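Here is a walk through one protein chain, taken feature by feature. Keep the structure open and follow along.

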Amino acid sequence: EAVLRVTIRAGTAKAGDLIRVHEAATGKWLRDVGTTGRGPAQFERPNGLAVSGDLLWVVERDGRRVQVLQLPAFTPLGSYGEDDLVKPYGVTIADQGAGRYRTWITDSYELVADSVPPDSALGRRVREYQVMVEGGRATAKLLRTFGDTTGAGVLRVVESIMADPANDQLLIAEELEGASQLKRYTLTGRFTGDTVPQRFFPNQAEGIVLYACGDTAGYWVATDQGKVINTYHLFDRKTLAHVGAFGSPTIKNTDGIALTQRALPGFPAGALFAVHDDGGVAAISWEAIAKATGVRSDCTLK
């Protein structure tokens, strides 16, 4: 199992237009994948990454598309979203079996550069696509677009998104600074009215992952991205109740996070991987997280 992250160039993560592949247990660099461009396995500011089985999804912010590649060779199978997406960032996937996948893409489009559109124009913050992979080819169909345009469910600045198909929920980070929080939608785009309060995110809500224990129990992990105080919060999977928090004296300004519940050498209960200041990735033992916060560590996968 490998951890994937975007390369660093000129002090800016994602500007290198390629994927860097590292061994998860040791951090050893294995290979780089891709070049700058719009062809297959080429990228224009790759941002969101997600893996399902042997398939890798790559969201290109400036390429305005989502590519699907097959692991371990990173064989390009196709792309989608070119006719719909404007400024895509995050991706989450639900495997439906038989080569069918539901995918949700966040789109932080702007009507005026460097400004948030009015609430009335924010009804396209998330797009759901049905993806079919067969015969070495990935094809997609746009199923719906959504996002509230009034009230507490409005999504003003979006990037991180995570699906929990077993419980019909999407957790989406509202990243607007000064009003940052998590908001829960259903898989079909209905705001449930449930939020994680802003007080947990005085900086900016960022990466979201799910530590699942069966179909119902487990924890959401979400980052409050801070350059001075950078905190990882744990919330109950069903109720969103706050159950713990932790940080690191050496990991700061975390944007994206990833999680494996598989045992790795040195990480018997799996690990959380966190971006450090757009310039590296740190691995945090889930066993250590559980000991520090009192959450479960017995949901390791084989």
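The S-S bond of Cys 213 and Cys 299 has a torsion of about 105 degrees, so this disulfide is right-handed. The S to S distance between Cys 213 and Cys 299 is 1.9 Å. Bear in mind that the model is predicted. The structure holds one disulfide. The link spans distant parts of the chain: Cys 213 belongs to strand 20, while Cys 299 lies in the segment after helix 1, 86 residues apart. Are the two cysteines, Cys 213 and Cys 299, buried or exposed? Both Cys 213 and Cys 299 are buried.

Take Leu 234 as an example: its bridge partner in strand 23 is Gly 244.

Six bridges connect strand 25 (residues 271-276) with strand 26 in the antiparallel sense. Among the residues involved, Ala 271 has Ser 285 as its bridge partner in strand 26.

Now move back along the chain to strand 17. Why is strand 17 (residues 169-174) described as largely enclosed by the rest of the structure? Six of the six residues of strand 17 are buried, so the strand is largely enclosed. In a regular strand, side chains alternate between the two faces of the sheet. Both faces of strand 17 are covered. Gln 169, Leu 171 and Ala 173 are buried on one side. Leu 170, Ile 172 and Glu 174 are buried on the other.

Strand 17 has partners to inspect as well. Strand 16 (residues 158-164) runs antiparallel to strand 17, and five bridges join them. In this pairing, Ile 161 has Ile 172 of strand 17 as its bridge partner. Strand 16 and strand 17 form a hairpin with four residues between them. Asp 168, in that turn, has a positive phi of about 50 degrees. Strand 18 (residues 181-185) is also antiparallel to strand 17, again joined by five bridges. Here Ala 173 has Leu 182 of strand 18 as its bridge partner. The hairpin of strand 17 and strand 18 has six residues between the strands, and Gly 178 takes a positive phi near 90 degrees.

Next come the aromatic residues. Phe 146 is found in strand 15 (residues 137-146). At 5% relative accessibility, Phe 146 counts as buried, because the cut-off is under 20%. Phe 146 forms one aromatic cluster with Tyr 185 and Phe 191. Leaving aside residues up to four places away in sequence, Phe 146 touches several others, including Trp 104, Arg 124, Arg 125, Leu 170 and Tyr 185. Which ring does the charged end of Arg 124 sit over? The charged end of Arg 124 sits over the ring of Tyr 109, 4.2 Å from its centre. The charged end of Arg 125 sits over the ring of Tyr 109 too, 4.5 Å from its centre.

The count of aromatic pairs comes to nine. One of them is edge-to-face: Trp 57 and Tyr 101, at 5.2 Å centre to centre with 65 degrees between the planes. Trp 57 in strand 9 (residues 55-60) and Tyr 101 in strand 13 (residues 100-107) are 44 residues apart, so to speak a link between distant parts of the chain. Both Trp 57 and Tyr 101 are buried.

How values were computed:
Residues are numbered from 1 along each chain as its sequence is written. This is a predicted model: local features need pLDDT of at least 70, side-chain atom pairs count only at pLDDT 80 or more; totals for chains, interfaces and linings use all residues. Side-chain values use heavy atoms; hydrogens and water are left out. Rings of Phe, Tyr and Trp (its six-membered ring) pair if their centres lie within 6.5 Å; planes under 30 degrees apart count as stacked, over 60 as edge-to-face and the rest as tilted. Helices (H or I, at least four residues) and strands (E, at least two) are DSSP runs, numbered from the N terminus. Buried means under 20% relative accessible area, exposed over 50%, partly exposed in between (1.4 Å probe, protein chains only). A charge sits over a ring if NZ of Lys or CZ of Arg is within 6 Å of the ring centre and within 35 degrees of the ring normal. Two strands pair if DSSP finds at least two bridges between them. A disulfide is a pair of cysteine sulfur atoms within 2.5 Å. Contact means heavy atoms within 4.5 Å.
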